[in-house]
Amino acid sequence: MEGRAPVVLKRADHPISRRDIDPDALKVLYRLYRNGFKAYLVGGAVRDLLMGKRPKDFDVVTDARPGQVKKLFANCMLIGRRFRLAHIRFKGGKIIEVATFRKEPDAQCAENESIDPNTSFGTPEQDAFRRDITINALFYDIADFSIIDYVGGLDDLNKGIVRMIGSPHNRYVEDPVRMWRVLRHAARLGFSIEEETSREIVLHRELLCSCSGARMFEELNKDIASGHLGGVMALFREYGMLPSLFGKIGSFLQENAGAWDTLLPLLKVVDERARAGSPLSNESTLTIMFWPWAEQILQSGAPPGGDKMKMLQDVLFDSGMAVTIPKAMKAGITQTACIVERMLYAMQSGRMKWSLKKRSRYADASVVFSVITAGRADKEKDPFSRIFREAHHEAQGRRKKKRPSRSRWRRRREEKPAS
Ligand code: ATP
Ligand code: MG
């Protein structure tokens, strides 16, 4: 509850050492602090450090206004229109994001884009309460190396609980993407979801349909990159969210247990590759994610005179997805799926149309093929060719023997006496 004194954990009582903090993030924290400002590490970085993990990025919050931050750092750029953030750039493209403490905008402020952004600045406490879940709202104070907890995040971290800050109902209505974030963190960390945080997701899941499709595509890319896509998708299904996010394809995966059972082990393979640091392309991952659906469409055959690729593309474009997949990527997914279907046919018939190798999506299709048929995604360039040749070695040999070579045939004609 807002208004209470925070729990403060002194340096001796927690495991975060400055050695574990990115040296550039430390530089930023110290420069702000030495210039008289509050400077805290916040969000995923504090959460991950407390769990003994290496954070993906190090975000900083301060009471310095964006303009003041810019004056302190030559390598600083201000971004964002409504909420100005400072991006401090370092070698190798590294960016440390510095935000000014802010409060949750009130309803009037949220609707009115032209309201003075200065009214959104807040106290450290307000900044903690505007965040999504308790374990993401912990501060690490560079002044005395303590952890400051306004929201009960330390307790939840110890117990393994994902809990929305404030009223889940209100927070989901304000920003439905928070439901996605709850499930993401539960899947990544293997945490349970607090009861009200969980119950309200089921009641509000349809709100996701009204969110920005481009923003949700970015969220999906984060889960693909994290190596926990399978876990997040499993929670989407458990919470009945697949239709809201992926339209007809989502409904198919939600309702069809057989298709779902086919998909889960495939996502496991994709996740293993991402976690090993050699991820499949996002387009290949999406092709695999949609494969059980695409396969049944392709198997249903093209309409008379129609072509399968066009049919699949039309259905994919008209699937009513709330997540906006860019057009070019949808076209790529369609092409890859059609080549995979041809590969499956080749495996059965022993006949492959090798001219497909010239298609731009052949290499992607070859890898997708190995994931869906062999449950493997090693780094081999063209696993399909190998799998096909291993399976059809003899068939090829037989065919060669039967058909006389062109030169033998010509020789026979030449040997024939002219009549
Ligand atoms: P990751 O490890 O994926 O980076 P993260 O918790 O750092 O996880 P970010 O997306 O980097 O997540 O966001 C940084 C912080 O901003 C979060 O920890 C959270 O405190 C806050 N935040 C992000 N999205 C929201 C949101 N929709 N509503 C409220 N707070 C949010
Ligand atoms: Mg982060």
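Select ligand 1 and the residues around it: the shell holds 17 residues, and the closest are Arg-47, Asp-175, Arg-178, Arg-181 and Arg-188. A residue counts as near the ligand if one of its heavy atoms lies within 4 Å of it. This is a predicted model, in which local features need pLDDT of at least 70 and side-chain atom pairs count only at pLDDT 80 or more, while totals for chains, interfaces and linings use all residues. Residues are numbered from 1 along each chain as its sequence is written, chains are lettered from A and ligands numbered from 1 in the order in which they are written, and side-chain values use heavy atoms, with hydrogens and water left out.

Colour the shell by class. There are 13 charged residues, four polar ones and no nonpolar ones. Here Asp, Glu, Lys and Arg are charged; Ala, Val, Leu, Ile, Met, Phe, Trp, Tyr, Cys and Pro are nonpolar; the others, Gly among them, are polar.

Next, show the helices. Helix 2 (44-50), helix 8 (177-189) and helix 10 (213-226) each supply at least two residues of the shell. Helix 8 gives the most, with four residues. Helices are DSSP runs of H or I with at least four residues, strands are runs of E with at least two, and both are numbered from the N terminus.

Now look at the polar contacts, pairs of N or O atoms within 3.5 Å; within protein, one must be able to donate a hydrogen and the other to accept it, and residues adjacent in sequence count only if both atoms are side-chain atoms. The side chain of Arg-181 has an N or O atom 3.0 Å from a ligand 1 oxygen. For the side chain of Arg-131 the distance is 3.1 Å. At Asn-136 a backbone N or O atom lies 3.1 Å from an oxygen of ligand 1. The protein covers 84% of the 590 Å² of accessible area that ligand 1 has on its own, by the Shrake-Rupley method with a 1.4 Å probe.

Ser-17 counts as buried because its relative accessibility is 12%; the cut-off for buried is under 20% relative accessible area (1.4 Å probe, protein chains only).

Go on to Phe-145, in the loop between strand 7 (139-141) and strand 8 (146-149). Phe-145 is not a glycine, yet has a positive phi of about 60 degrees.

Finish at Pro-292 in helix 14 (residues 282-299). Pro-292 and Gly-258 are 34 residues apart in sequence, with their C-alpha atoms 9.1 Å apart in space.

Methods. Buried means under 20% relative accessible area, exposed over 50%, partly exposed in between (1.4 Å probe, protein chains only).
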